[in-house]
Amino acid sequence: MNAELLIQTLNFISPLSSALDQRFRELLKEERLPKRTLLLRAGEVSRKIYFINEGFARAFHLTRHGRECTSWFMGRGDLMISVYSFYTQKPAEENIELLENSELLSMTWNQLQSIYAEFPEYNFTGRLVTEKYYMLSEERTILLRTSSARERYEKLLQLHPGITQKATLGQVASYLGITPETLSRVRGNKTVLT
């Protein structure tokens, strides 16, 4: 199993004891899944947390008119879950889809809870990881409310270089909160007011 990137990431946040390192390696499951795999469907309970060794994914929900609305993208080195569903163990409102063939590491909610109980020091690391993703969520909310379409697109390209080769333009536009036509104008460097 290739858990080195995840272990390295966790050690960067706060050094893991050798016992905790070993426990992670025992519990983590390696999964190689093809593009378009749905890791979670709306209405299901998010029972696993995933770490992306290789690949790219998105979360999306359907509007009441049946239109897909992308809420986030995640790539190599990211953890991904449906936050509400995973932490409450209640049905998800969103879907999680792989946009590339992916190599993932996964752990169940129960396994993660056992790590928190068995290794209280890991609660600190878990809190910092949660804070990081909460701050990213707030940044995106502020960006959507205060930035132009061009600024939002440029920020997305900084966060996920090459995203237009991984996601459809419709998925990118829905993430940015703009129409595909506006995205085409932004990409073509034409004047955009939104």
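Helix axes here are lines fitted to C-alpha atoms over the stretch in contact, and angles run from 0 to 180 degrees between N-to-C directions. Helices (H or I, at least four residues) and strands (E, at least two) are DSSP runs, numbered from the N terminus.

A quick word on the model: it's predicted, so to speak of local features we need pLDDT of at least 70, side-chain atom pairs count only at pLDDT 80 or more, and totals for chains, interfaces and linings use all residues. Residues are numbered from 1 along each chain as its sequence is written, and side-chain values use heavy atoms, with hydrogens and water left out.

Let's start with helix 9 (residues 180-187), which has these two packing partners.

| Helix pair | Axis distance | Angle |
|---|---|---|
| Helix 8 (residues 169-176) and helix 9 | within 9 Å | roughly 95° |
| Helix 6 (residues 149-159) and helix 9 | 10 Å | about 75° |

Angles of 65 to 115 degrees count as roughly perpendicular (under 35 is roughly parallel, over 145 roughly antiparallel, the rest oblique). Helix 8 and helix 9 are therefore roughly perpendicular, and therefore so are helix 6 and helix 9.

On the helix 6 side, Ala149, Arg150 and Tyr153 make the contact (heavy atoms within 4.5 Å) with Thr182, Leu183, Val186 and Arg187 of helix 9. That contact splits into 4 nonpolar, 1 polar and 2 charged residues. For the classes, Ala, Val, Leu, Ile, Met, Phe, Trp, Tyr, Cys and Pro are nonpolar, Asp, Glu, Lys and Arg are charged, and the others, Gly among them, are polar. From helix 8, Leu169, Val172, Ala173 and Leu176 meet Pro180, Leu183 and Arg187; here the count is 6 nonpolar, no polar and 1 charged.

Leaving aside neighbours within four places in sequence, Glu103 touches Asn2, Glu30, Glu31, Arg32, Phe51, Ile52, Asn53 and Glu54.

Helix 5 (residues 122-146) gives the most to the lining of the largest pocket, with 14 residues. The lining divides into 32 nonpolar, 9 polar and 8 charged residues.
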